Amino acid sequence: MSWGESMLWIVAPYITIVIFVGGLIWRYRYDKFGWTTRSSQLYESRLLRVASPLFHYALLFVIVGHITGLLIPRNWMEAIGVSNHAYHVNALTWGGIAGLATLVAVGLLIYRRRTVGPVFLATTNNDKTMYAVLALAILSGVVTTVAGFVPSEVSYRTTVAPWFRGVLILQPDVTAMAHASGLYKVHTLIGMVLIVLFPFSRLVHALSAPLGYLFRPYIVYRRRPR
Amino acid sequence: MRIMAQIAMVMNLDKCIGCHTCSVTCKQTWTNRPGVEYVWFNNVETRPGQGYPRRYEDQDRWRGGWTLNRKGKLELRAGGRLRKLLTIFANPIMPSIQDYYEPWTYDYENLTNAPLSSDIPVAPPRSLISGEPTKISWSANWDDSLGGDPSPDPVLAQVSDQVKLSFEEAFMFYLPRICEHCLNPSCVASCPSGALYKREEDGIVLVDQDRCRGWRMCVTGCPYKKMYFNHKTGKAEKCTFCYPRVEVGLPTVCSETCVGRLRYLGVLLYDADRVSAAASVPDERDLYEAQLDVFIDPDDPAVASADLPPDWVEAARRSPVYQLIKKYRIALPLHPEYRTLPMVWYVPPLSPVVDALAGTGHDGEDAVNLFAAIEALRIPVGYLAELFTAGDPAPVNTALRRLAAMRSYMRAVNLGEPHPVPPDAGLSEDELRDMYRLLALARYDERYVIPTAYGNPPGVVEEGVCSLDYDGGPGMQQPFGEASGRPVPVSIENFHGLKERQTSDEITHDRVNLLNWDGRGTPAGLFPPRRKKS
Ligand code: HEM
Ligand code: SF4
Ligand code: SF4
């Protein structure tokens, strides 16, 4: 394993985390006003009504998939009776479907952004960069999922996942990561770029998912502080 | 009983000449910025007509406001909380820009740049949404003064099966509309972020621009379609009831500039604990009475023991709005059936009836004739009832009879008849005279009885947390798109600027002409000096 690669899997993730957390704090303090979905539904809703729900719902599955795949160690899964084979069949089917749906949806969203005049006019450079990285992340993700079609003993569960958990407990397992195939490495790198972009793009809207709405009273009263 | 106060408005429709001054001054003050070109916090509609946005009153389609569910409980018509969250990724029932109109500008450069030719160059229209050349085909008042087929009017469809009005039956009046600053605002209830709120002190409903995340559910929630989406900033905006002016005791810009002087502003006291009960009475036609019952008589002993500043109680006692709504019962709420308990009420116009009478050669000022005509003119009265009382003609009849009685009684008085007899409309002679005074003669300080901001000694007003104004203004290319950065909480007419203007003879150099400010940049004097960024 080269020196450069170990730097990559040790230093880069922490830089990513620092930028992500620091960026969010900074953005929240500096730019609460810019913290929005910047919805483009007023301009166009026919395509959006298909693409946006498809994208977001599929993405929710993808996120759940990442959490199970990366955070839950293989032997825990096996302890509750999920064999490696069963896991992969499931991961491939559900992950494949969700991944493909996300890919199609992001394609539709980009198509809409580009071809619908008013929407394109309202697309900033920031949006374009974000979309490029997002699309690459999803594309590489789908490719890795499909490439994992042949179930094997060496999968991300023994390479990327232990490294990822290691990063979280401040003991990144570089050796495990080094055994991952090139595709996974590429996807992981793009993922890190996306996380770096996250606080500085419209993606921040994801963090204000308004779950509190389910619990608050309907009418909000506010009183000027005296 | 929890007594709260609200600054409410009444408009006397008989006096509206449809000049749109209110719309224009409001726009110049609040929405002359990129992203809100199509936004009219105040608009004036011709009735019958489609309204703005087109056919907004068709709630089968737009699903604004509240309904009662099977258990008789209030429920947002567009669906409850869970449904809102599940459909948040693309709101299934949001009007598109075409339902409003595509705002435009003119390519004036063409006037000077066009190559020499025998034709005079023109400034062709350009869409402000797509930037492309456009054909202007609709606007906020395209069907002004019946300048179009009124039959798509959803209210008209409810009144008459034979929707096309014949010429003899035609009637027309203007309906200026702002946000209703409802007691039970469905826009607030629809906002997933909780960014919309009703101020406890004066009932004004505002958007906290810092907390709005652009989920655009409020646009669907408001049945009057008075929530607008700023397509540049990605945030919702709405009529502010000119709160910076109201806080210092000045009327809203639309009221101040109204040429007909037909708007009244004053305090209404209401029992906040009874709001939801009133909004959920089973029969829509009872909503008008139910809302009247929520309002509290300012002379009620309970008011004295409530936690209200004395000048607010005093203002409530002198409130012109209270008199028009509750004492004389000639002002009615707009579309009470939406169950939001609106707080901008209307004195219905008698003029369609008078005109119809005069058109047939009768004396349009005579009480007997007018009373008979009110009964006979089914379509105008039915139409007004669909607008103001969920279709119940009785309150509309009462209001119109009282206006008619006042009219003929005051004519008798003014003609010097020795013993004018007040026509029977349930009001005494003194009441008729007082009502006449309020409707015809009332001066500025009788039409606008506005106490200064709650809890503060007059003159010291802290600016609230919300503002539509922010440093840099939208349209500037900031790092995160067109409108980012930290909003500076100042209001357009900030208190110090206002005081300066009122107390000095000279206009200070730092005072910007707001009417010429297009929202770009920060002209000197508009914002307080910026504190040094540390
Ligand atoms: C559960 C949390 C989320 C919610 C509630 C949410 C909601 C929304 C809403 C309301 C829009 C605006 C659609 C419109 O009217 O134009 C939007 C757009 C978008 N969201 Fe999300 N989102 C969430 C999570 C995410 C995540 C995790 C991502 C990606 C990492 C994402 C990526 C996007 C993108 C790229 C757009 C722009 C679509 C376009 O207009 O081209 N969202 N989202
Ligand atoms: S009229 Fe105003 S307060 Fe009432 S629901 Fe609409 S936006 Fe809200
Ligand atoms: S300014 Fe007054 S008279 Fe003119 S349209 Fe507005 S409300 Fe009517």
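**Exercise 1. Helix H15 of chain B**

Task: Determine which residues of helix H15 (residues 320-327) of chain B are buried, and describe the backbone just after H15(B).

Solution: The buried residues of H15 in chain B are Pro320(B), Val321(B), Tyr322(B), Leu324(B) and Ile325(B), where buried means under 20% relative accessible area, exposed means over 50%, and partly exposed lies in between (1.4 Å probe, protein chains only). Helices (H or I, at least four residues) and strands (E, at least two) are DSSP runs, numbered from the N terminus. Just after H15(B), Arg329(B) adopts a positive phi of about 55°.

A note on the model: this is a predicted model, in which local features need pLDDT of at least 70 and side-chain atom pairs count only at pLDDT 80 or more, whereas totals for chains, interfaces and linings use all residues. Residues are numbered from 1 along each chain as its sequence is written, chains are lettered from A and ligands numbered from 1 in the order in which they are written, and side-chain values use heavy atoms, with hydrogens and water left out.

**Exercise 2. The iron site of ligand 1**

Task: Identify the residues that coordinate the iron atom of ligand 1, state the geometry of the site, and explain what the pair ties together.

Solution: Begin with the donors, which are N, O and S atoms within 2.8 Å of the metal (3.2 Å for Na, K and Ca); water is not among the atoms, so sites may look incomplete. His56(A) and His205(A) each coordinate the iron atom of ligand 1 through NE2, at 1.9 to 2.0 Å. Next come the angles: they run from 87 to 179° among the 6 donor atoms, and the site is octahedral, a label given to six donors if opposite donors are over 155 degrees apart and all others between 65 and 115. For comparison, ideal angles for six octahedral donors are 90 or 180 degrees. Finally, His56(A) lies in helix H2 (residues 46-71) of chain A and His205(A) in the loop between helix H9 (182-197) and strand S1 (221-222) of chain A, so the pair ties together parts that are 149 residues apart in sequence. His205(A) is buried, at a relative accessible area of 16%.

**Exercise 3. The interface of chains A and B**

Task: Describe the contacts between chain A and chain B and the area that they bury.

Solution: In the interface, 45 residues of chain A are in contact with 72 residues of chain B. The two chains bury about 5500 Å² between them, 57% of it on carbon and sulfur atoms; buried area is the accessible area (1.4 Å probe) that two parts lose on being put together, summed over both. On the side of chain A, Phe33(A), Arg222(A) and Arg224(A) lose the most area to chain B, together 19% of what that side buries.

**Exercise 4. Backbone of chain B**

Task: Locate the cis peptide bond that joins Arg47(B) and Pro48(B), and characterise Phe241(B) and Leu341(B).

Solution: Most residues other than glycine have a negative phi, and most peptide bonds are trans. The bond joining Arg47(B) and Pro48(B) is cis, with omega about -5°, and Pro48(B) lies in the loop between strand S2 (43-47) and helix H2 (59-62) of chain B. Phe241(B), not a glycine, has a positive phi of about 55° and is buried at a relative accessible area of 2%. Leu341(B) has a positive phi near 50° and is buried at 1% relative accessibility.

Note on methods. Tetrahedral: all angles 85-135°; square planar, octahedral: opposite > 155°, others 65-115°. Contact = heavy atoms within 4.5 Å.
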